[in-house]
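Thanks for coming. I will talk through one structure, beginning with the ligand and then turning to the aromatic rings.

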Amino acid sequence: MTIPSRDTYDTVIAGAGPAGILAAYHAAERGDVLLIDASSMPRDKSCGGMIHELTRDALAPYGEIPDSIALEPRYVNFRYVDWDRGVRKPTSLAFLNVDRAGFDEWLVSLLPANVEVVGDTALTGFEQDASGVRVSMRSGDRELTIACANLVGADGARSTVRRALGVDAGSTYVTLQDYVELSGELPPFFDCIYMRSLGDEFGYGYVMPKGDVAVVGSVFYPKTKRPWEKQDRLLEVLRAEMPQLGASVKREACAALYLRTRADIVPGVGRVLLAGEAGGFMSPTSGEGISYAVRSGILAGRTIAQGSANEALGSYTTFSAPLRRDIVRRLRWLPFMESRVGKYIGGLTPTWVVSRITEGL
Ligand SMILES: Cc1cc2nc3c(=O)[nH]c(=O)nc-3n(C[C@H](O)[C@H](O)[C@H](O)COP(=O)(O)OP(=O)(O)OC[C@H]3O[C@@H](n4cnc5c(N)ncnc54)[C@H](O)[C@@H]3O)c2cc1C
């Protein structure tokens, strides 16, 4: 098993998702970086693998997203579905359809040689003062302490770094995702499904074709009891109208940030920066998180590369302000979108208006 090779790095980054990888890529311009992840590498994050245009634009300077990770149909358009009323509103918002594990592996392959990537290594805590940060981690059965000038918490929705900073950790949606056999083609849509019969704990479901299989997922509000029963019910209802959907070959459970107020978006404290979901950087309205992880990761890494360790957070806070404003704008829509009235009006609104609004959310 691999453990970190040294006890001092310029920057330590917890979490090898898109936020951590992009932060590492840029922070490495200032000095050596240790990028750790609690799971084994290459990791396999539960995800729809829908790559938004904002992600494609942000990643364009790093090279082409490889064809080998694109799945059929290559592009799928977002479609709003009010299941109970039989309303379907296709939009012009198109996502690149990828294998998420392959996408993350491609990002790791971009890292320069002075980034050491170590899996099966979880940050457990840290201490910081004006001279630096001492990071505690568990690597296999070894407890280690590693010193660095800056720490980046990019450890996702249930961030340990965020909690250790004493920042309100908020709560998380519960997500379940099934990979379902396909016995015929599905139309090229990323269907976002509202279904009242599944109760108020059910946020929404989604279906998308993914190569040989379809992904059927559900997003439940925090503290939902027995969500797997509701996911079974969703599959049952969908199969009755979509005979292409066969047996489930795999089910995954995960968590997604339940972003509610502007106070949930926190760039960091002292020498510790928070990027991606750990910092509250994701879309609260669409659940789209990869573009926010990528963009906040780039900013965190660049500000580390460009300044002294004590100045990094100040610059990051300044440069990430537009991203935070964008999230706050989306937050204002949230109460309306989640209300019964909002969902009802969505069904009555002309398709082109739904399409325009969706592009902005
Ligand atoms: C079911 C589901 C479907 C989704 N579908 C989409 C989609 O189609 N498109 C989209 O844009 N977004 C989607 N998202 C959101 C998107 O996956 C996330 O917003 C994005 O991955 C966040 O990136 P990140 O780098 O902030 O964190 P993550 O990708 O979550 O990575 C965090 C990493 O930190 C590691 N970690 C956790 N704790 C520690 C620790 N203590 N020490 C070290 N490492 C630690 C974890 O193992 C993990 O690898 C989906 C989310 C879910 C749950």
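Predicted model: local features only at pLDDT ≥ 70, side-chain atom pairs only at ≥ 80, totals over all residues.

In the side chain of T160, an N or O atom lies 3.3 Å from a nitrogen atom of the ligand; a polar contact here is a pair of N or O atoms within 3.5 Å. An oxygen atom of the ligand is 3.1 Å from an N or O atom in the side chain of E288.

Residues are numbered from 1 along each chain as its sequence is written, and side-chain values use heavy atoms, with hydrogens and water left out.

How much of the ligand does the protein bury? Taken alone, the ligand exposes 1,000 Å², and the protein buries 90% of that, with areas from the Shrake-Rupley method and a 1.4 Å probe.

Around the ligand there are 34 residues, of which D37, R43, R100, L123 and E277 come nearest; to be near, a residue needs a heavy atom within 4 Å. This shell divides into 13 nonpolar, 14 polar and seven charged residues. Nonpolar covers Ala, Val, Leu, Ile, Met, Phe, Trp, Tyr, Cys and Pro; charged covers Asp, Glu, Lys and Arg; the others, Gly among them, are polar. Strand 7 gives the most to the shell, with three residues. Helices (H or I, at least four residues) and strands (E, at least two) are DSSP runs, numbered from the N terminus.

Now the rings. The structure holds eleven aromatic pairs. Rings of Phe, Tyr and Trp (its six-membered ring) pair if their centres lie within 6.5 Å; planes under 30 degrees apart are stacked, over 60 edge-to-face, and the rest tilted.

Y173 and Y221 make a tilted pair, 5.8 Å centre to centre with 45 degrees between the planes. Y173 is in strand 11 and Y221 in the loop between strand 14 and helix 5, 48 residues apart. Both Y173 and Y221 are buried, that is, under 20% relative accessible area (1.4 Å probe, protein chains only).

Why is the pair of F190 and Y206 edge-to-face? Because the planes are at 80 degrees, with the ring centres 6.3 Å apart. F190 lies in strand 12 and Y206 in strand 13, so the pair ties together parts 16 residues apart in sequence. F190, at 12% relative accessibility, counts as buried. Ring pairs also link F190 and Y206 into a cluster with F78 and F95.

Terms used:
Buried < 20%, exposed > 50% of the residue type's maximum accessible area, 1.4 Å probe, protein only. Polar contact = N/O pair within 3.5 Å; in protein donor to acceptor, adjacent residues only side chain to side chain.
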